Amino acid sequence: MGKSSNVVWHETHVGREDREARRGHKGATIWFTGLSGSGKSTLANELDRRLYEQGRFSYVLDGDNVRHGLNGDLGFSPADRTENIRRIGEVAKLFVDAGALVLTAFISPYRDDRDRVRNIADRPGDFIEVFVDCPLDVCEQRDPKGLYKKARAGEIPEFTGISAPYEAPEQAEITVNTAEMSVVEAVDFILEYLRTGQYLESSSNQD
Ligand SMILES: Nc1ncnc2c1ncn2[C@@H]1O[C@H](COP(=O)(O)OP(=O)(O)O)[C@@H](O)[C@H]1O
Ligand SMILES: [Mg+2]
């Protein structure tokens, strides 16, 4: 794939390990996937805040923001959704190489697209899939952006859960059911996974 030939990856003088050692934590992508309104943005931003307070290098990539800029040329057809996720995966990988904990909040409805992002990772453990599991009726009741209402009225074609499919992860590293867990409980649960998986070891801060 790719149209660019004669492009050679340039070795860097400062390596990922050097950056991680200085930061005191590993780089990784924490990939939130779930229906619209399931709580991806809410959890990613709350986790980001907690990590920031601990002095970590974290950053949120969120659907709407990325679609305004980098992926402003893409729509919601299956092919465009796939390309959307491919680009985000590549951006996330660069962040991980920079030693960041990058939190992505995209519906990312197709299993193959998410697996492709998982498979481009440099190291095992770089990609942590978080299934934000929430029943459709609860998401629809929340409807934080009024999108379900519009989708039901036929104003939004190809809306995930209504007129486009959502393929739930089969082996996510983490599943949080946001109909049953509070935001704080879900974020605590993810932080515990990062701690026990030694992503956050050798921190100068106590957490
Ligand atoms: N346990 C929970 N976890 C996450 N969000 C929750 C939870 N309970 C209620 N909510 C609410 O659900 C909505 C989720 O919206 P949002 O985070 O924008 O979803 P998404 O990014 O997945 O589309 C927010 O209004 C949030 O306050
Ligand atoms: Mg969101």
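Here are some questions and answers on the predicted model shown above.

User: Before we start, how are residues, chains and ligands labelled, and which pLDDT limits apply?

Analyst: Happy to set that out: residues are numbered from 1 along each chain as its sequence is written, while chains are lettered from A and ligands numbered from 1 in the order in which they are written. This is a predicted model, in which totals for chains, interfaces and linings use all residues, whereas local features need pLDDT of at least 70 and side-chain atom pairs count only at pLDDT 80 or more.

User: Which element gives the most residues to the shell around ligand 1?

Analyst: A residue is near a molecule if its C-beta atom, placed from the backbone, lies within 6 Å of it. There are 17 residues around ligand 1, and Gly39, Lys40, Ser41, Thr42 and Thr178 come nearest. Two or more residues of this shell come from each of helix 2 (40–53) and helix 8 (183–196), where helices are DSSP runs of H or I with at least four residues, strands are runs of E with at least two, and both are numbered from the N terminus. The most, 4 residues, are given by helix 2.

User: How do helix 2 and helix 8 lie relative to each other?

Analyst: Their axes come within 10 Å and cross at roughly 60 degrees; axes are lines fitted to C-alpha atoms, for helices over the stretch in contact, and angles run from 0 to 180 degrees between N-to-C directions. Angles under 35 degrees count as roughly parallel, over 145 as roughly antiparallel, 65 to 115 as roughly perpendicular and the rest as oblique. Helix 2 and helix 8 are therefore oblique.

User: Are helix 4 and helix 5 roughly parallel or roughly antiparallel?

Analyst: Helix 4 (residues 78–97) packs against helix 5 with the axes 9 Å apart, at an angle of about 20 degrees. The contact is made by Thr82, Ile85, Arg86 and Gly89 of helix 4 with Asp113, Arg116 and Val117 of helix 5. Given that angle, the two helices are roughly parallel.

User: Is serine 108 buried or exposed?

Analyst: Serine 108 sits in the loop between strand 3 (101–105) and helix 5, and has a positive phi of about 40 degrees although it is not a glycine. A residue is buried if 20 or more other C-beta atoms lie within 10 Å of its own, exposed if 12 or fewer, and partly exposed in between, with C-beta atoms placed from the backbone. Because serine 108 has 27 other C-beta atoms within 10 Å, serine 108 is buried.

Technical notes. Contact = placed C-beta atoms within 7 Å.
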